[in-house]
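Here's a quick tour of a two-chain model, meant to be read with the viewer open. Take a look at it before going on.

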Amino acid sequence: MSSIAIRNLTKSYGSVQVLHGIDLDIADEEFVVLVGPSGCGKSTLLRMIAGLEDITAGDLHIDGTRMNDVSPQKRDLAMVFQSYALYPHMTVAENMAFSLSLRGKQKSAIEREVGDAARILHLEDYLDRLPKSLSGGQRQRVAMGRAIVRHPKAFLFDEPLSNLDAKLRTHMRAEIKQLHQSLGATSVYVTHDQIEAMTLADRIVVMNAGRVEQVGTPLELFDRPRTRFVAGFIGAPAMNFFEGKVELNEQGKPHTHIGPSPVALPEGMESQAGAIVTVGLRPQHIPVSAASTDGNARVELVEQTGCETNLLLKLAGIDFTVQTRDRLEVNAGDAVNLEFDSRNMHVFDSNSGQRLN
Amino acid sequence: MTRKAKRSALCWLGLSPLLIVVLFPYATMLSTALKRKDEIFQFETTWLPDSLYFGNFIELFANRGFGRALLNSLYISFGATLVSLAVALPAAYALSRLRVPGKGTFRTYLLVTQLISPIVLIVGLFRLFAYLGMINDLNALVFAHSAFYMAFAVWMLQSYFDTIPKDLEEAAWMDGASRLKSFRRVFLPLCLPGIAVTSLFTFVNSWNEYAMSLTILREGSLQTAPVKIAFLTGTLYETEWNIIMAATLVATVPVAIVFASIQSYLIRGLSLGGVK
């Protein structure tokens, strides 16, 4: 297994630049997830690591060796495609053995490797089948098997679970995680699903419009998003945002207003007095209680998920989503009370989107 | 009768006039080829011959040199199919997969070449092959036919190649296969249905081609089957329908064999299940 170092990597198609100077270090045995909205360049970055896309400028090192001009055949990386890309005319066993036979391995060694991979992935009973007779989950496993038989330097995953239904996706997610724990393979995983990113990653790279917004562990990203984009992207339901002007009260404490009501801001915001800021609050961090008639917010929609209840509310014309584990007896149109705790607030510059607190 | 069976019966009913159009010439060929000469011109004609008479075929092969004509045709058609595929396969692959400058213009150019009837080029072609010393050379026809049907083959193969997901080749590259190896071991097997259809079209076109063969192959022993058949009609004092029909029947056999041998590829959807 190996480390991957990316230095100031850019990618242009003609005059259109899609990646703007990416810097990233992926340590040996690390599981790194590239996440971002469609078109942010995450798949392009992965394909550049794989060698399937040319590098316009910058450097790519694998295990300390510059790989910019090395063909995908010689990079010794394995890739799991979104479409699985199984060879339709080969059986499961032949699909998995293909890379080994290309390397001129002996038949007995190939059989052993394929057998081992099949055992790990519970594919022993399907080795003689063609891909077309397999279910989506089984095809997914074959694609993984094809990658693991090779013991490559690193695994690259390009949205491998996006073709599966929700239940199977959760199951396969756990299998990938377990596989990574047992193989300890350096992995780069692309997804647009932030839940996948949070659950799988040692570190997450959040990308937006061809740039890296933030790199960090899942909890770092959740607890201290560096930009408004990351704050809005990570976490479900998405973070609530409202804009306000920073004012100081008589004691010199910073606050802003939601409608007529003052809301205290975190300490340290005094320096921003007079500035327009965007305040973010996670739906889980807004305590809600049923109110008689004088509540400050009105319920628009109630979503029961069983364990949690999501309330879509309106407060002074602003939409809020609140998640609670309390079994509140509220319906659409009811009034509720929301509390805002400045310790849970994420404050961003309204112009640059950068974190201020 | 179920609804599906009803619909199927209706379709057959609608198609049956076409079936007559297709089968009638075969019935005529078979019926006439198996009759004696004097039986054909009887006042009351019947579909079934009095007795099965194979003398026409024997005459055809023994005295009229039709076997030679068939061999010439087979040589030219197989040759033209192979040469045209040998060029069209890489060309279509490049058009489908590589970044080739002027790709669109080239495709249009290929299409435009199909608008020109070969007849108008025949004088020029004759002069070209005369200059190359290839008049009365079967290979001249191999090259001429392959050149004429190549554009179509490129066009058709490219359309088929475009349907093969690029992921499959990329997966092969990641597995360590060179471009050539991934072409041979992954791409080519998946393209067999497309290649089969293209070969079939090229083969049939070449097999049926008349004007060029007539012009370039001047010697009787080099004539192709269609030219030979045309010459059979032009005997001095009579038209020997029994011989002509026997010849036309025999001439359809190779095409039927080629069709039958590759038809399994035509209906096999190989790429199914490889990618979701």
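Predicted model: local features only at pLDDT ≥ 70, side-chain atom pairs only at ≥ 80, totals over all residues.

Local features are discussed only where pLDDT is at least 70, and side-chain atom pairs count only at pLDDT 80 or more.

## Where the chains meet

Let's start with the interface. The size of an interface is often given as the accessible area lost when the parts come together. Here chain A and chain B bury about 2,400 Å² between them, and carbon and sulfur atoms account for 59% of that area. On the chain A side 28 residues take part, while chain B puts in 24 residues.

As for specific links, there are nine residue pairs in polar contact between chain A and chain B, with both residues at pLDDT 80 or more. The salt bridges between the two chains come to two. One of them joins the side chains of A:R150 and B:D175, with an N to O distance of 3.7 Å.

## The chain A side of the contact

Which elements of chain A give two or more residues to the side that touches chain B? They are α1 (42-50), β6 (77-80), α2 (92-102) and α4 (136-148). Of the residues on this side, α2(A) supplies the largest share, with four residues.

By residue type, the side of chain A that touches chain B splits into 16 nonpolar, six polar and six charged residues.

Another member, B:L115, sits in the loop between α5 (103-113) and α6 of chain B.

## Two backbone details in chain A

Where is the cis peptide bond? Look at the step from A:A236 to A:P237, which is cis with omega near -10°. A:P237 lies in the loop between α8 (228-233) and β11 (240-245) of chain A.

The other spot is A:D76, which has a positive phi of about 55° although it is not a glycine. You'll find A:D76 in the loop that runs between β5 (65-66) and β6 of chain A.

Note on methods
Residues numbered from 1 in each chain as written. Chains lettered and ligands numbered in written order. Heavy atoms only, no water. Contact = heavy atoms within 4.5 Å. Buried area = accessible area lost by both parts, 1.4 Å probe. Salt bridge = Lys/Arg side-chain N within 4 Å of Asp/Glu carboxyl O. Polar contact = N/O pair within 3.5 Å; in protein donor to acceptor, adjacent residues only side chain to side chain. Nonpolar A, V, L, I, M, F, W, Y, C, P; charged D, E, K, R; others polar.
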